[in-house]
Amino acid sequence: MGALQNLKNGTLYNMDCTYLTEVEYNRESLDTVALVFSEKPSEDFPKKFFLMPEGKQYDFRAFIYTLSEEFHSFRLLDNRDVYIVRAVTNDVPEQRKNFRVYVTFRVSLLLEGQSVTIPVKVKDIGTGGFQFVSKQRFQPGTVLSVIFPELKSPLITACIQKMRPVRREGLYGYGCQYIDLPPKAEALIRNYVYQTEVLQAKARKEKEENNLLQ
């Protein structure tokens, strides 16, 4: 429990992406967090929810967690009496079978059965699917077609799997899964994801080195 002195702040959202509550948390392992509440949550607290860490870099990134135990009281090292519960996930980058990178670029979606395209912003992309944000609301199960100009990809078909919370008011996030992704498109996406990850890792390393020199 000593690690609970190094708490981070985050926001919890219901699975329909409505706001749930603010929370403190400690990531104990790749798949487990300890959530810390100043007051005991109500009995109807959801078993499953999104956790969005604090920070601008997480404005479009939230992770699905499921409670793995009951709430229990605990006294922190700063003498605060709190309620703690652990939750587990398989929705973190380190554990995703289809690796993805966080990006920002514009695309136009064409919904099945429609003739007018809709401009949106892609916020992450991988070989299994992608996430986009839009001011427009869509229903899970919606089938769409898209071309990724950044990748010079052919026309790709995907299905909206679920809405995902975003921190920006007036925007909605959607996770999509590819449908019968053509081999050429898969190769282009895989190559783009790999190259982008290499560049982002290099940029992170350079930033860390610069911070050490300051």
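Me: What volume does the largest pocket have?

Reply: Rolling a probe the size of a water molecule over the atoms shows where empty space is left. In this predicted model, local features need pLDDT of at least 70, side-chain atom pairs count only at pLDDT 80 or more, and totals for linings use all residues. Residues are numbered from 1 along each chain. The largest pocket has a volume of about 940 Å³. A pocket is an open set of points on a 1 Å grid where a 1.4 Å probe fits, with protein on both sides within 12 Å along at least five of seven lines. The volume is the space filled by probe spheres set on the points.

Me: Which helix supplies at least two residues of the lining?

Reply: Helix H1 (183-213) does, and strands such as E2 (19-27) also do. Helices (at least four residues) and strands (at least two) are DSSP runs.

Me: Is strand E3 enclosed or open?

Reply: Buried means under 20% relative accessible area (1.4 Å probe, protein chains only). In E3 (residues 32-37), 6 of the 6 residues are buried, so the strand is largely enclosed by the rest of the structure. Thr32, Ala34 and Val36 point one way, and Val33, Leu35 and Phe37 the other way.

Me: Which strands pair with E3?

Reply: Two strands pair if DSSP finds at least two bridges between them. E2 pairs with E3 in the antiparallel sense over 4 bridges, and Tyr25 stands opposite Leu35. E7 (residues 81-88) also pairs with E3 in the antiparallel sense, over 6 bridges. There, Ala34 stands opposite Arg86.

Note on methods. Side-chain values use heavy atoms; hydrogens and water are left out. On a 1 Å grid over the protein atoms alone, a cavity is a set of points where a 1.4 Å probe fits but cannot get out, and a pocket is an open set with protein on both sides within 12 Å along at least five of seven lines; lining residues have an atom within 4 Å of a point. Buried means under 20% relative accessible area, exposed over 50%, partly exposed in between (1.4 Å probe, protein chains only).
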